[in-house]
There are 2 protein chains.
Amino acid sequence: MSKPPHVVIVGGGFAGLYCARKLRGAPVRISLIDRRNFHLFQPLLYQVATASLSPADIASPIRTVLRKQGNAQVWMGEVKKVDRDRREIVLADGSRVHYDYLVLATGVTHSYFGNDEWAGHAPGLKTVDDATEIRRRFLLAFEAAEREADPEARRRLLTFVIVGAGPTGVELAGAMAEIARQVMPMDFRAIDTTTTRILLLEGVDRVLPTYPPELSRKAQSHLEALGVEVRTNARVTEIGNEHVAIGEERIEAGNTFWAAGVAASEVGATLGAKLDEAGRVRVEPDGSLPGSPEVFVVGDLANLPQEDGSPVPGVAPAAIQMGKHAARMILRDLEGDAREPFRYVDKGDLATIGRAAAVARLGRVKLSGFIAWFIWVVVHILYLIGFRNRALVMLQWAWAYLTYQRGIRLITGDRQVELYRAREIEE
Amino acid sequence: MSKPPHVVIVGGGFAGLYCARKLRGAPVRISLIDRRNFHLFQPLLYQVATASLSPADIASPIRTVLRKQGNAQVWMGEVKKVDRDRREIVLADGSRVHYDYLVLATGVTHSYFGNDEWAGHAPGLKTVDDATEIRRRFLLAFEAAEREADPEARRRLLTFVIVGAGPTGVELAGAMAEIARQVMPMDFRAIDTTTTRILLLEGVDRVLPTYPPELSRKAQSHLEALGVEVRTNARVTEIGNEHVAIGEERIEAGNTFWAAGVAASEVGATLGAKLDEAGRVRVEPDGSLPGSPEVFVVGDLANLPQEDGSPVPGVAPAAIQMGKHAARMILRDLEGDAREPFRYVDKGDLATIGRAAAVARLGRVKLSGFIAWFIWVVVHILYLIGFRNRALVMLQWAWAYLTYQRGIRLITGDRQVELYRAREIEE
């Protein structure tokens, strides 16, 4: 009997991990390769950036998730290239791995729309390290402002710009406004943290552009109630160390965070396949590469057209479904059955705005306010419990919400407070 | 009426923070200055390094701890120098702060006994960043070993050396051995993590040299039961990237961790006072500086002789007591009362060895095994609850112990797996 086929899955995000789990017990040998040793529950990453959760609360070691799945191996490594002719992937260290099936699920990274020099001034939010860096900068600004004597510099330190009002930008802005206005005031003596400015800039005419317009309006008014200054039709033309420009207008801001654009991860381009304008790989209706049925591209990296022509959206539920679909197609191949096109089951959209408000679309039903927030909590509790069996995380989270605590307010890393003109500490 | 006196406390560790809290409601203005924005419960730092707790579980923002103490301000900054003549401290940014009373509580850092080039090869464990770096290196070694084809290189990757068998070294070694032998085996396919070698090197003739010899023997046998190789009378003469030398003997080890020596933080030397051989400041029996009664040095930075001539030990309870004592002496000054010498109340020593064993000295009573471990847990629960009001941390911790989980197994930071010769992933 010949060896079972080798299924190489690159990327341990939603798409890759659910593909591997779907192949549990199947007559295949699975190698899941990721640059990181953990799977990240990215929808809650903004809560790490805003000091509500620790990184470990939303991350699980991939090999622990797959520990009881005997047909799966996990490898930590960075895939640089796919060699379709030889059916091999090439890792950063030069080693090559042969595959019978390849499931490419490396996702997306930030895109600064060709302005890569903005990256240092405006960190984005894709990884745990991104999140702790945003947390560091956000918290450090208040520490520096507390010691800053120059009112203009202090004002600048307490001004934060978030570029992009998709779900990540909206959630970041809401959480930051809440911390500044509700959690921090008692902690500081020299500054009034309720004067903190949080500006949320969006290039098009409304926040949450992929949501129904009605929910965009609700989200904007929730944000404004929290004190966020929402600016739509505001295209950023420049980002410096301490300012953001929108055409002629210059906003003095000590910190800018990037939640605007994404670009496909670079390994997609090495497939030699057709890419869309965002670098995503154009795939067949079954999720495979044209001309290479043994290669699947799933998750955010894929551009898979739906019946109306628009691509499947880059959200976690779609990634999970695509990952599982690729697994099913591999199983059908092994059984000699024909492939089937992928159909995205759109269950809706959910975005939180601060502590007890959200907007939700469930099929055609649109909800906002506390009820939407409650649904959001339940969905995330169910996911986290099902996935990690760690109900305690949710307890801790509920506790933080109930008590307005933000326990994770740690400034780690080596860089320290930089001041313009230090306030006399004694005054 | 004149302004209340300005008490500047440098350092928000046990000594500094308890000094500030003791002055609650007192007619003084307190400025607590720390390089970090959080107080760290250092006795549990080894649990961060060994993936049992998140940094936030053992850290609290200093300004939150003191938020309701109206006479206290908190500043983030690094103190470089004390100018006793002008009664000023000088910060890294050049700003100067006048004090009426100074309480210097900046603690200690690692000392490589003059071999500073060892620092890069053998990180120590004093800060949160140290702990996540040790965690990163420890976990990464297993990931690299899983992909390593060369048996010798794999053996080296799975060999860890801990230098120094004080409480930190003992606790690190015990926890690391447990993870390798009890938590990880199921997660790996190519390597057998139970073959991991953990070597604990101690320069003198027994582990826990400051404990009663009877407990040193118990601790060593607990460690050996967990699979730790304990080497006493083993003085390290060289540490390289992948080896440690003890005289002529060379140990091939992918990772070395430093738990051996401490040296006083450098600001102590700027006092112009007498220092001991470890750089600690020699103080009067009341904790103040000879010739400068308005300057107190407390905690690990101080060398305060007890009645038998030996200095007060560098442990958390002593730091807490010294911090409170300095506060009391300031209050007595304000009342016109005479100062009193500091008397250390030695309640005992506690060190854990793995999941359910410890050694304890409570006054003259010596305990070991599960009962000592239980006492250790209760002491730490009481401390953490009293201090942080976060019983959930303890729940999470108890959960991790009960279920053998190590949930915090995240490899963060930019450096990736480095391999000698990559195993064929498919094999």
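Predicted model: local features only at pLDDT ≥ 70, side-chain atom pairs only at ≥ 80, totals over all residues.

User: What percentage of the residues in chain A is buried?
Analyst: Buried residues account for 53% of the 427. On the contact side, taking pairs at least 6 apart in sequence, 64% of the contacts in chain A join residues at least 24 apart.

User: Switching to the sheet with β11 in it: what's the strand order?
Analyst: The order is β13-β12-β11-β17 in chain A, an open sheet of four strands with parallel pairing. At the edges you find β13 (228-231) and β17 (255-258) of chain A; each has a single partner strand, so one side of each has no neighbour in the sheet.

User: How much are neighbouring strands turned against each other?
Analyst: By 20° on average, ignoring direction.

User: How many bridges join β11 to β12?
Analyst: Five, between β11 (residues 159-163) and β12 (residues 197-201) of chain A, and the two run parallel. One of the pairs to look at is Thr159(A), whose bridge partner in β12(A) is Arg197(A).

User: Which strands does helix α6 touch?
Analyst: Helix α6 (residues 167-183) of chain A packs on that sheet and touches β11, β12, β13 and β17 of chain A. The direction of α6 makes about 170° with that of β12(A).

User: New topic, α4. Is that helix largely enclosed or left open?
Analyst: Largely enclosed by the rest of the structure, because 15 of the 20 residues of α4(A) are buried. The length works out too: at 1.5 Å a residue, α4 (residues 128-147) of chain A should span 28 Å, and its end C-alpha atoms are 29 Å apart, which agrees.

User: Last one: at roughly what angle do α1 and α8 cross?
Analyst: Roughly 35°, with the axes of α1 (residues 14-22) and α8 (residues 316-335) of chain A coming within 7 Å. The crossing of α1(A) and α8(A) is right-handed.

User: Which residues make the contact?
Analyst: From α1(A), they include Phe14(A), Gly16(A) and Tyr18(A). On the α8(A) side, Ala319(A), Ile320(A) and Gly323(A) are among them.

Note on methods. Residues numbered from 1 in each chain as written. Chains lettered and ligands numbered in written order. Pairing = 2+ DSSP bridges. Axes fitted to C-alpha atoms, helices over the stretch in contact; angles between N-to-C directions. Contact = placed C-beta atoms within 7 Å. Buried ≥ 20, exposed ≤ 12 C-beta atoms within 10 Å, placed from the backbone. Expected span 1.5 Å × (residues − 1). Left-handed = near helix turned anticlockwise from the far one by under 90°.
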